[in-house]
Amino acid sequence: MNKTLLAIGAHPDDIEFSCTGTMLKLKKQGYDIYYIVATNGEHGFKIADKPKEQRIKVRHKEQLNAAKKLGVEKVFFFGYRDGFLKNNDELRKKLVKIIKLVKPEIIFTFDPANKTFDNINLNHRDHRYIGEAVFDAVFAAKNKYMYPGEPHKTDYLYLFGSDKCNYYEDIASTIEQKIEILREHKSQFNDFDKVEEWIKTYLSKFTKKYKYSEAYRVVQIEQMFK
Ligand SMILES: [Zn+2]
């Protein structure tokens with residue numbers, strides 16, 4: 001079995017909010033972990049004003065620090081403009097290239113099927129489009145002809161930010177570590193104590209089964225014809 005995970009977020013911090021509790025457990029089981037961060041996240045900045053180039057630098061550095069704390073092999077930054085992501089050939093080609101390179105068994109990303117539009121943060125344009133682009137790229141990556149390179153079949157999608165979750169991961173053993181990793185995104189939080197309280201409450205509400213959990217719509221990629 002290929003023990004590799006690929007987590008894909010639109011902004012620096014998306015992965016930390018969504019799935020690090022689960023990935024810490026899988027890391028212990030021997031998985032190698034890679035990240036893709038599609039945009040620079042330069043339009044989300046809660047501390048002192050800085051010019052754009054500096055904001056980009058800070059957000060990249062924070063993402064690298066957070067990834068290092070989890071033990072990620074590599075973070076691929078695509079460098080798109082925050083808030084303007086499109087699901088197009090260019091983005092899909094980049095995604096396919098990394099999928100073929102790292103050959104993940106599981107990909108974590110936003111659920112593109114969540115079109116509830118009831119939360120301007122969760123249903124953010126970049127979150128919707130990265131989810132859709134990844135879904136399309138998973139198909140394209142297993143296709144022999146669409147893009148260069150050996151095809152790769154991903155086995156599972158773990159889709160977070162979903163309104164139709166079918167799987168809950170108990171993260172009681174990793175929640176403290178998850179919070180310490182999230183803390184690395186310092187430019188995002190004026191008062192981290194409040195964030196910690198908020199995230200603990202958020203993660204306690206997915207299911208009554210576990211004190212804290214991360215929730216997904218898990219999609220198994222079927223190979224229809226061999
Ligand atoms: Zn985001």
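How many bridges join strand E4 to strand E5, and do they run parallel or antiparallel? There are 5 bridges between E4, residues 106-110, and E5, residues 156-160, and the two strands run parallel. Within this pair, Ile106 stands opposite Tyr156 of E5. Please keep in mind that this is a predicted model.

Now the whole sheet. It is open, has 7 strands with mixed pairing, and is ordered E3-E2-E1-E4-E5-E7-E6. E3 and E6, the latter at residues 167-170, stand at the edges with a single partner strand each, so one side of each has no neighbour in the sheet. On average, neighbouring strands are turned by 25 degrees against each other, direction ignored.

Next, the core. The largest nonpolar core has 49 residues, and Leu6, Ala7, Phe108, Ile130, Val134 and Ala137 have the most contacts inside it. Helix H5, residues 125-142, gives the most to this core, with 9 residues. H5 lies across E1, E2, E4 and E5, and runs at about 150 degrees to E4. As for Ala7, leaving out residues up to four places away in sequence, it touches Ile15, Cys19, Met23, Ile33, Tyr35 and Phe108.

Last, helix H3, residues 52-70. From first C-alpha to last it reaches 27 Å, close to the 27 Å expected at 1.5 Å a residue. Its buried residues include Arg55, Arg59 and Glu62, along with Ile56 and Leu70. Seen down the axis of H3, the buried residues fall within an arc of 135 degrees, so they line one face of the helix. They pack against helices H1, H2 and H6 and strands E2 and E3. On the other side, Glu53, Gln54 and Lys68 are exposed. After H3 comes Gly71, with a positive phi near 90 degrees.

How values were computed. Residues numbered from 1 in each chain as written. Predicted model: local features only at pLDDT ≥ 70, side-chain atom pairs only at ≥ 80, totals over all residues. Core = buried A, V, L, I, M, F, W, Y, C linked by C-beta atoms within 7 Å. Buried ≥ 20, exposed ≤ 12 C-beta atoms within 10 Å, placed from the backbone. Helix = DSSP H or I, 4+ residues; strand = E, 2+ residues; numbered from the N terminus. Contact = placed C-beta atoms within 7 Å. Expected span 1.5 Å × (residues − 1). Arc of directions from axis to C-beta. Pairing = 2+ DSSP bridges. Axes fitted to C-alpha atoms, helices over the stretch in contact; angles between N-to-C directions.
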